Amino acid sequence: MRAFAPVLSSMKPRLKLPLMFTKNLRRSMLAEGAKIFLAVCAGGGLWGLVEVLAFFFPDAMKWAQNNWWAFLAYAGTALLITIVFVWVKSNAMLSVRESLEARDCSIEIQVGDIFKMKGEFIIGTNTDFATDMSPGPISEDSLQGQFTTKYYAGKGQHLYQDLEESLAGEKHTLVENTHRQTKRYAFGTVAKVSARDQNVYFVAIDELNKQGVATSSLEQVRESLKKLWRYIGDHGEVGDLVIPIVGTKGAKIQVQREVMIIEIINSFINATYSGKNICENLKIVVYEEDYQNHNIDLEEVRNYLHIHATQKRWQVEEPKAPVGESI
């Protein structure tokens with residue numbers, strides 16, 4: 001069984017100073033720093049060297065007592081080395097990754113900005129596939145709103161036209177809202193669009209009420225993710241996928257971010273081991289603001305990812321050939 005080790009992704013996140021003071025990262029950095037500092041001190045062994053020299057040269061101990069500043073300089077150097085190593089390694093602490101045996105794919109959880117990641121985006125939306133921004137139901141600060149601003153110059157109607165084209169032939173019902181009669185699709189319906197050479201999968205994970213407020217549930221997100229993986233397996237390219245922690249903001253599902261990350265992990269691994277490869281790398285993106293404000297414990301998620309992936313490996317072992325024949 002392979003031992004897991006965090007690795008830097010191709011898009012290495014740069015540690016911003018405020019992130020250093022988040023509870024979980026601070027704890028990990030202090031623990032790692034203590035190990036490095038002790039290793040440097042023990043590895044250098046200045047005091048041990050003095051004791052060995054004192055055995056052969058008695059004056060060495062007297063020299064050490066008269067030159068105590070040398071030990072302070074040594075400790076200071078060890079501390080500086082520790083700070084540099086911890087700073088470098090802290091970037092890796094913001095990205096954890098696990099490859100799945102018997103499948104040519106991996107899962108990565110990374111703190112960063114989804115729009116700076118390479119791969120096809122996954123964006124959660126509503127079952128109406130509404131795109132109207134303020135004063136419409138889509139907030140400019142939401143992921144869909146940011147995408148519309150960045151790739152469609154804020155013109156939601158242009159995005160809606162592309163979504164309509166992708167959804168041609170999908171089953172829907174007609175509903176009345178405060179603006180007009182719209183088409184409503186089932187949870188988990190997926191529309192694929194391409195803007196400025198960026199492929200995006202919009203998946204319906206929440207529903208708008210008459211006031212234009214989005215609501216959803218954990219069960220509905222689970223069902224939507226199942227349909228999403230199935231759609232990408234049938235229509236997508238086997239490359240990299242980038243997904244945020246869906247359902248925790250716009251859909252207002254009251255679960256911790258770690259719980260939703262685990263839901264995405266479970267859903268993806270179950271889909272991968274049940275059928276064809278969906279992608280080469282699934283990157284689950286944690287926004288820096290969420291990481292800082294909600295104290296997301298990547299170490300806990302990393303341990304879960306490793307254990308869960310290992311359990312799945314046991315399940316995909318080739319069956320043994322039957323012995324004998326039935327009579």
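Predicted model: local features only at pLDDT ≥ 70, side-chain atom pairs only at ≥ 80, totals over all residues.
Buried means under 20% relative accessible area. E263 has 14%, so E263 counts as buried.

E263 forms a salt bridge with R222, and their closest N and O atoms are 2.7 Å apart. This pair links distant parts of the chain: E263 sits in helix α8 and R222 in helix α7, 41 residues apart. Salt bridges with shared partners join E219, R222 and E263 into one network. R222 also meets E219 through their side chains. These two are three residues apart in helix α7, so about one helical turn separates them. R222 is partly exposed, because its relative accessible area is 31%.

How many salt bridges are there by this rule? The count comes to six. Three of them are listed here.

| Salt bridge | N to O distance |
|---|---|
| R97 and E108 | 4.0 Å |
| R222 and E219 | 2.5 Å |
| E263 and R222 | 2.7 Å |

R97 has 26% relative accessibility, so it counts as partly exposed. E108 is buried, because its relative accessible area is 1%. Side chains of opposite charge can pair when their charged atoms come close.

**Along helix α7**

Helix α7 has 18 residues. At 1.5 Å a residue they should span 26 Å, and the end C-alpha atoms are 25 Å apart, which agrees. Buried residues of α7 include L218, L225, W229 and Y231.

Is Y231 buried or exposed? Its relative accessibility is 17%, so Y231 counts as buried. Leaving aside neighbours within four places in sequence, Y231 contacts S166, V190, K192, Y201 and G236. Y231 and K192 are 39 residues apart in sequence, yet their C-alpha atoms are 9.7 Å apart.

Q220 also lies in α7. At 28% relative accessibility, Q220 is partly exposed. Its side chain reaches the backbone nitrogen of S217 at 3.1 Å. Q220 and F187 are 33 residues apart in sequence and 6.8 Å apart in space, C-alpha to C-alpha.

In soluble globular proteins, nonpolar side chains tend to be buried together. The largest nonpolar core here has 42 residues, and I109 and W229 touch the most other members. Elements supplying at least two residues each include β1, β2, α7, α8 and α10. Beyond four places in sequence, the residues that I109 touches include V96, I261, I284 and L305. A second, separate core has 23 residues, among them F121, L159, A204 and V285.

Definitions and conventions
Residues numbered from 1 in each chain as written. Heavy atoms only, no water. Core = buried A, V, L, I, M, F, W, Y, C linked by side-chain atoms within 4.5 Å. Buried < 20%, exposed > 50% of the residue type's maximum accessible area, 1.4 Å probe, protein only. Helix = DSSP H or I, 4+ residues; strand = E, 2+ residues; numbered from the N terminus. Contact = heavy atoms within 4.5 Å. Polar contact = N/O pair within 3.5 Å; in protein donor to acceptor, adjacent residues only side chain to side chain. Expected span 1.5 Å × (residues − 1).
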